[in-house]
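Biologist: Before we discuss how two parts of this chain meet, could you show me the sequence and the model?

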Amino acid sequence: MSRAPQEDPRQDTPEIGAPKDSAAGVPAVVNSLRVVGRQAGAARGVLTLLNVNQKKGFDCPGCAWPEGEHRHTAEFCENGAKAVAEEATRRAVTPEFFARHSVAELAERSGYWLGQQGRLTHPVFLDEGATHYVPVSWERAFDLVAEELAALDSPDGAAFYTSGRTSNEAAFLYQLFARKFGTNNLPDCSNMCHESSGSALTETLGVGKGSVLLEDLYQADLIIVAGQNPGTNHPRMLSALERAKRGGTRIITVNPLPEAGLQRFKNPQKVRGVVGGGTRLTDLFLQIRLGGDLALFRAWNRMMLEADRRSPGSVLDRDFIAEYTHGFDAFAEELCSGDDDAFWADVDAATGLPREQIDEALAMILASRRIVVCWAMGLTQHRHSVPTIREVVNFLLLRGNVGRPGAGVCPVRGHSNVQGDRTMGIFERPSEEFLDALGAEFGFEPPRRHGYDTVRTIRAMRDGRVRVFFAMGGNFVAASPDTLVTEDAMRRCRLTVHVSTKLNRSHVVTGARALILPALGRTDRDLSGGVEQFVTVEDSMGMVHASRGSVQPLSDQMRSEVAIVAGLARRVLGEDDPVPWEEFAGNYDLIRDRIERVVPGFADFNARVRRPGGFTLPHAPRDERRFPTATGRANFTVNPTQVLRVPEGRLLLQTLRSHDQYNTTIYGLDDRYRGVRNGRRVVLVNPEDAAELGLADGSYTDIVSEWPDGVERRAAHYMVVHYPTARGCAAAYYPETNVLVPLDSTAEVSNTPTSKSVVVRFEPDSGLPASA
Ligand SMILES: Nc1nc2c(c(=O)[nH]1)N[C@H]1C(S)=C(S)[C@@H](COP(=O)(O)OP(=O)(O)OC[C@H]3O[C@@H](n4cnc5c(=O)[nH]c(N)nc54)[C@H](O)[C@@H]3O)O[C@H]1N2
Ligand SMILES: Nc1nc2c(c(=O)[nH]1)N[C@H]1C(S)=C(S)[C@@H](COP(=O)(O)OP(=O)(O)OC[C@H]3O[C@@H](n4cnc5c(=O)[nH]c(N)nc54)[C@H](O)[C@@H]3O)O[C@H]1N2
Ligand SMILES: [Mo]
């Protein structure tokens, strides 16, 4: 058992060139047109693209970055184009496809190959002991789910997963269905993503979302981008940073890797971006060690406290602290106590940064009245992620940088509607207020017991406590940690069900019985109930707007997610259930009326969402400096330094995204900005570490992770690439390396898998796996 099963090593022959120091620009656009042409047929592809994020079009299924006020006809980014092409493809996975390929055969294919086969067009069923999926009617499919749910000892024997592309309307109905069925087992991709942000922000500011709007970025004096690679994962963010930059904003980047987009940006939307060197975005690059951010923010905070002691009132916003915050004294006391040498020794060990750079950054911080901190997975996927983000909040609170223009917290979300899904109640630990409102609106008593998150769901499946796994989108077995454990857990289920657009690994690693239910995606025209429907989404900055697909679906058997949930709910909950499921499926306005009555901030939902650009949800800290926390104030917190100490001869591995993938969907085998072509089995290692470990550039190695449970986790046959990452750190691509992430290695409080800090050692290459 030595390899991640979704790999196809035969296709993987990496070629390495020099990393780039700029992102986007002409090659990006040309590349995206090429991908679009290949995938969807040029005409259909370009027509589709022009519609993305336009006022009357669909929301880009790429990322959750907001659209801005002026959407150009051509404002698409390379990776948005790929996401659209992936979905709008004309290739189809039909019942004939499943007749040709057994599940066992499909399980030998790579995730890349599976995704390339096209859109799922018909509901299909894999019966116990069967070798192939066979077509099934929607009615029969719902009967099968109902049958297995009815056979459970308790409603908590089922788990209802959600990925982050699901619309507000579908998500609202889905969680209503799960709760009427009787469980809060609503794990979601957030559990593996920004859960640490939500946990930290809810505790400290009272709202688990970002507090800035686009204008705030433009007005900021300083933007700190920590643990994020926007050139690949949020390319439109670079346009916003460029605009801020032109207005005089300075940018500090904190990252173990020198990511191309953050160094220089060539704006493909402008002539200026087409020729010349592009805009230099980063003023100061801090090449930090993995997991060093807590120590870095503590260092800045301590220096600010000390400077203010020397010259009271010169640094801190004392009025803000007195009026709006709680816990300052305890925070300052802990941070400034203790031996100076020991404190700085920890900072050195954790960050690996020269003291001059920390000082230089501090000077920029002190010269800036308005500061925004942006972050993504580099901050959220470590054991001490929640303390790290709490410390970021401390940093901003010290100088009143929350709740005023040009300042605030900016966790940059991943999936295009992951934030909206949470707002709609996709959460295993819902608040009492939410459950009260939901129960009152629909006349039932929702379950109060907290449900399972992603990691707990895997354990429960492994231990036989969850027997039915239902997924609204996503690719659970590939996205989750500890691939072999998760796949085994999945196989122990009675029934696994996937509502999906594309074929993926989770369809071929199944429970005793399995269903694939084909859903319409964001780009597809939705004629549920015989009339054209639109859905709504919420972006990373709390802006809600409409999304209307325009592409003719490939088959009349594909259904909208709303229609699927409604049909299933009726079948499972029975004819007597008073919720008007059929009416909801025929008119999404009726769902929005209910959302308005249950979820705060959606007053006049149907009217406001029809206005161009939609509307912004209220955010108490941002709008009125009101902090709905336990203390009624913004909370300072005490977060002792944690240093990830790695034994001799080991490195800390982060698992991240290449430029040619969307999470577990692989678009191609290149990572252009990092200079990697035609392969994904690479591990990026600092040349000095490589020399110490005897890892020659271009040689092959096995990567073995270390975790105190005695289980061997190995990723075989990876090419070593000498790369300018921080000392002591390495990087390799997710999802293949999920085989190395131990299920039980999770963040404090948020329980997020520690995908960015896996202790690994290197062993001699055991060669290509047998099937190669
Ligand atoms: N094209 C494309 N777009 C996407 C996605 C995609 O796969 N493809 N995925 C979407 C999703 S769901 C998400 S969540 C986002 C993810 O967006 P990102 O968070 O940008 O994604 P990652 O590739 O995981 O990159 C993590 C970055 O953090 C850095 N980093 C890692 N550890 C640390 C650390 O300890 N400290 C600091 N300071 N930096 C660190 C890494 O070097 C890397 O630059 O993107 C979304 N958008
Ligand atoms: N090691 C490691 N693991 C990670 C991460 C990491 O950085 N490192 N990142 C984590 C993060 S941030 C995230 S968000 C998760 C992602 O976890 P998921 O969201 O579960 O995974 P995706 O790859 O985004 O899911 C892709 C599948 O979603 C389906 N799909 C796409 N669009 C639609 C749609 O509109 N409707 C429906 N019903 N289905 C659709 C398609 O069938 C496609 O195959 O992975 C996490 N896992
Ligand atoms: Mo994510």
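Modeller: The domain bounds used here come from an automatic or database domain assignment, and the model itself is predicted. On those bounds, domain 3 covers 196-411 and domain 4 covers 651-764, and their C-alpha centres lie 26 Å apart.

Biologist: What makes residues of domain 3 and domain 4 count as being in contact?

Modeller: The criterion is heavy atoms within 4.5 Å, and by it 24 residues of domain 3 are in contact with 27 residues of domain 4. The two domains bury about 2000 Å² between them, with 57% of that area on carbon and sulfur atoms. On the side of domain 3, the residues that lose the most area to domain 4 are L257, L290 and Q381, which together account for 31% of what that side buries.

Biologist: Why is the meeting of R674 and E259 called a salt bridge?

Modeller: A side-chain nitrogen of Lys or Arg has to come within 4 Å of a carboxyl oxygen of Asp or Glu; the side chains of R674 and E259 meet at 2.9 Å, N to O, so the pair qualifies as a salt bridge. The count between domain 3 and domain 4 is 1 salt bridge.

Biologist: How many residue pairs are in polar contact across this interface, and which helices supply the side of domain 3?

Modeller: The rule finds 11 residue pairs in polar contact across the interface, both residues being at pLDDT 80 or more. At least two residues of the side of domain 3 that touches domain 4 come from each of α9 (195-205), α11 (230-233), α20 (377-380) and α21 (385-398), and the residues of that side divide into 9 nonpolar, 12 polar and 3 charged.

Methods: Residues numbered from 1 in each chain as written. Chains lettered and ligands numbered in written order. Predicted model: local features only at pLDDT ≥ 70, side-chain atom pairs only at ≥ 80, totals over all residues. Heavy atoms only, no water. Buried area = accessible area lost by both parts, 1.4 Å probe. Polar contact = N/O pair within 3.5 Å; in protein donor to acceptor, adjacent residues only side chain to side chain. Helix = DSSP H or I, 4+ residues; strand = E, 2+ residues; numbered from the N terminus. Nonpolar A, V, L, I, M, F, W, Y, C, P; charged D, E, K, R; others polar.
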